[in-house]
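Thanks for coming, everyone. I'll walk you through one structure this morning, so let me put it up on the screen.

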Amino acid sequence: MALPDPKSLKLLNHVPPRLLSAAERYLKAVPLVRDLLSKETDTLLSELEGSLKPYRGKMTAFGRLPVTGRSREEVLRELQALEAQEEERWREGKVSGAVYNGDQEHIDFLNRVYALHSQSNPLHADLWPSATKFEAEVVAMAASMLGADAANAGRVPDEHVCGSMSSGGTESIMLAVKTYRDWARETKGITKPEMVAPSSAHPAFDKAAHYFGVKMVRVPVGPDYRADVAATRKALNRNTILLIGSAPGFPHGVIDPISELSELARKKRLGFHTDACLGGFVLPFARALGRQVPPFDFRLPGVTSMSVDTHKFGYAAKGSSVVLYRGTALRSHQYFTATEWPGGIYFSPTFSGSRPGALIAVAWASLVSMGEQGYMEATRRILETADTLKQGIRSVPELHVLGDPLFVIAFGSETLDIFKVMERMGERGWSLNGLHKPAAVHLCVTLRHAQAGVAERFLADLREAVEHVKAHPGEKGTMAPVYGMAAAVPFRGLVSDLLKKYMDLLYKV
């Protein structure tokens with residue numbers, strides 16, 4: 001059984017989703033079909049296994065504890081060998097996003113900070129008051145950067161912008177959705193909550209909906225790839241508790257009409273969350289540099305919460321983010337308390353109980369060592385590099401840039417299979433993100449790309465990739481058909497099943 005032709009699959013996109021879902025359940029119940037699908041999936045994953053497990057057979061694998069512990073020197077040698085193999089590509093700037101700073105002096109500094117606080121845990125605030133100091137100050141600095149000074153003016157302290165730190169953007173988003181669910185239940189009596197988001201909003205919102213029993217209502221984006229305000233308005237009903245916008249959205253790098261969306265939420269007395277995980281540490285400084293950045297933060301009265309990742313363009317170590325709320329009354333719905341446990345009173349502000357105080361300290365150290373001037377300079381370099389890349393991509397006749405992005409650049413093609421172009425770029429060492437609906441590829445520009453010669457090398461390789469795909473139209477490649485099928489197949493359960501088996505593969509020793 002071969003992978004189906006994406007063009008033929010597109011014909012099924014006109015079938016109502018409910019009928020497709022029923023048909024898929026029926027087909028998967030047929031033993032012959034089920035066996036064929038399983039065989040095809042297993043074949044595909046076996047081809048991927050080598051690239052996912054490159055150390056198998058080359059380094060010792062541990063499926064159980066060694067009888068005798070290895071020496072620390074031996075362990076360190078192995079870890080250093082692994083790092084040496086994996087750092088080359090991101091240091092050269094051939095990865096979209098992933099590593100946002102990567103300067104060795106900055107990394108060494110953060111590692112020293114981590115080592116100093118490796119044992120700290122804010123769950124035990126009496127033992128490590130430094131951890132709570134760092135967290136409170138990180139939250140305050142992020143809030144001030146995102147319009148809290150204007151929002152707080154003339155208001156009592158309980159109405160000031162506040163928040164907490166989390167393990168990353170997904171947890172920040174999930175905390176916000178859980179908070180609105182509990183807020184709506186307590187203040188409005190809503191027991192079947194819904195939230196409305198553009199199709200481009202991060203799947204962390206879907207994850208939150210899945211975990212917390214909130215119905216996700218997706219609305220289409222406009223031709224500029226920004227959220228459609230009219231479609232959002234039509235999707236509202238008595239169970240709606242939250243509207244969502246991105247600044248910018250991950251797929252296309254464009255900023256949703258946050259002003260209009262948040263005002264709609266304010267008039268309807270709904271929550272509004274700006275997902276600034278990607279842009280929170282870029283957009284304020286882009287605006288200061290004279291770039292056209294529409295309002296997106298707490299300066300807008302309808303914005304009631306935000307998420308911003310310190311571990312992206314805040315240049316902290318991986319594992320830290322900030323979620324912000326307009327007032328402590330809203331934030332209180334995020335908290336958890338247990339008052340009847342025989343072990344004593346228990347409380348935690350986020351999903352985790354114990355938290356790595358070292359990562360909080362590292363985020364604090366990154367923010368205070370960078371300062372406004374440091375972030376301004378980093379943003380300037382990123383935006384100038386992005387300008388060079390956008391101009392170069394637009395100069396290739398077969399390619400077009402989607403929307404009007406600032407630093408996350410999505411591009412597609414009307415005449416070529418863009419996933420074949422992406423695969424060819426992969427062969428030249430570039431790790432890019434494949435997008436669906438429409439098929440496209442994007443590059444999230446970071447300081448790694450602002451290094452001398454990286455943008456020029458990317459554009460030269462991109463032109464070569466385009467010419468290669470034009471000259472070899474029958475060449476299928478290895479991953480391009482998979483991306484094409486995933487983008488076109490209407491049976492989304494099949495794609496979900498494939499992804500679950502992919503994750504199973506990751507856990508194989």
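This is a predicted model: local features need pLDDT of at least 70, side-chain atom pairs count only at pLDDT 80 or more; totals for chains, interfaces and linings use all residues.

Axes are lines fitted to C-alpha atoms, for helices over the stretch in contact, and angles run from 0 to 180 degrees between N-to-C directions. Helices (H or I, at least four residues) and strands (E, at least two) are DSSP runs, numbered from the N terminus. With that in hand, look at helix α9, residues 204-212: α9 lies across β2 (194-198), β3, β4 and β5 (271-275), and runs at about 150° to β3.

Residues are numbered from 1 along each chain as its sequence is written, and side-chain values use heavy atoms, with hydrogens and water left out.

In what order do the strands of the 7-stranded open sheet come? The order is β1-β7-β6-β5-β4-β2-β3, and the pairing is mixed. For pairing, DSSP has to find at least two bridges between two strands. At the edges you have β1 (161-166) and β3, each pairing on one side only. The twist averages 20° from one strand to the next.

Between them, β11 (residues 408-412) and β13 (residues 440-444) pair over 4 antiparallel bridges, and Phe411 stands opposite Val441 in β13.

What about the inside? A quick general point: in soluble globular proteins, nonpolar side chains tend to be buried together. By nonpolar core I mean a set of buried Ala, Val, Leu, Ile, Met, Phe, Trp, Tyr and Cys residues joined through side-chain atoms within 4.5 Å. Buried is under 20% relative accessible area, exposed is over 50%, and partly exposed is in between (1.4 Å probe, protein chains only). The largest core here has 93 residues, and those with the most contacts inside it are Phe296, Phe313, Tyr315, Ile393, Phe407 and Phe458. α14 gives the largest share of this core, 14 residues. Apart from it there's another core, of 27 residues, with Ile173, Ala204, Ile241 and Ile244 among them.

Which residues does Phe458 touch, leaving aside neighbours within four places in sequence? They are Leu389, Ile393, Phe411, Met425, Trp430, Leu432 and Leu443.

Phe458 also turns up where two helices pack. α15 (residues 418-427) and α16 (residues 454-471) pack at an angle of about 125°, with axes 9 Å apart. On the α15 side you have Lys420, Val421, Arg424 and Met425; the α16 residues they meet include Phe458, Asp461, Leu462 and Glu464.

Most residues other than glycine have a negative phi, and most peptide bonds are trans. Now look at the loop between β12 and β13, where Lys437 sits. Lys437 has a positive phi, near 55°, and a cis peptide bond joins Lys437 and Pro438, with omega about 0°. Is Lys437 buried or exposed? Exposed, with a relative accessible area of 67%.

Tyr225 also has a positive phi, near 70°, in the loop between β3 (215-219) and α10 (229-234). Tyr225, though, is buried, at 18% relative accessible area. There's a cis bond from Ala247 to Pro248 as well, with omega near -10°, and Pro248 is in the loop between β4 (240-246) and α11 (258-267).

One more loop residue and I'm done. His333, between α13 (328-331) and β8 (336-338), is buried at 11% relative accessible area. Beyond its neighbours within four places in sequence, His333 contacts Lys178, Thr179, Asp182, Trp183 and Glu186.

Technical notes
Contact means heavy atoms within 4.5 Å.
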